[in-house]
Amino acid sequence: MKPNASKPKRGAGKSRDTGAALHPGVLLAEVLDDTPATVAAKWFGMRPDDFEKLLAGQIPMTTEVATIAGSVFGTGAAPWLDTAKRWEEAQHPQASEKED
């Protein structure tokens with residue numbers, strides 16, 4: 001038995017409405033599901049505890065992290081930044097309504 005066999009995978013068991021705003025860190029957790037957080041944290045130049053907070057949606061995704069994610073996955077930073085913007089707008093709908 002693997003040491004972490006009883007620990008659920010990041011993103012496991014999470015069902016989500018595809019139209020709902022998703023924190024970019026949670027999306028990143030789904031993409032990196034089989035990658036140990038300590039390894040991925042190094043790719044992103046983050047401390048493992050801060051990276052886990054990002055994956056849990058507890059801290060915002062920075063432009064720097066979005067740029068690295070875009071480089072790692074070949075998407076560019078734009079999709080990650082767009083996801084972050086949609087998340088922020090969903091969390092603070094009054095602010096986005098005032099901009100319109």
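I looked up Met 61 first: leaving aside neighbours within four places in sequence, it is in contact (heavy atoms within 4.5 Å) with Pro 24, Gly 25, Leu 28, Leu 54, Ala 66 and Trp 80. The model is predicted, so I note that local features need pLDDT of at least 70 and side-chain atom pairs count only at pLDDT 80 or more, while totals for chains, interfaces and linings use all residues. Residues are numbered from 1 along each chain as its sequence is written, and side-chain values use heavy atoms, with hydrogens and water left out.

I then turned to the largest nonpolar core, which has 18 residues. Such a core is a set of buried Ala, Val, Leu, Ile, Met, Phe, Trp, Tyr and Cys residues joined through side-chain atoms within 4.5 Å; buried means under 20% relative accessible area, with a 1.4 Å probe and protein chains only. Leu 28, Phe 44, Phe 51, Leu 54 and Met 61 have the most contacts inside this core. At least two of its residues come from each of helix 1 (24–31), helix 2 (37–43), helix 3 (48–55) and helix 4 (63–73); helices are DSSP runs of H or I, at least four residues, numbered from the N terminus. Helix 4 gives the most, with 4 residues.

In helix 3, I find Phe 51, Leu 54 and Leu 55 buried. They lie on the same side of helix 3 because they cover an arc of only 95 degrees around the axis, taken from the directions from the axis to the C-beta atoms. Their cover includes helix 1, helix 2 and helix 4.

For helix 4, I list Val 65, Ala 66, Ile 68, Ala 69 and Gly 70 as buried.

How values were computed
Buried < 20%, exposed > 50% of the residue type's maximum accessible area, 1.4 Å probe, protein only.
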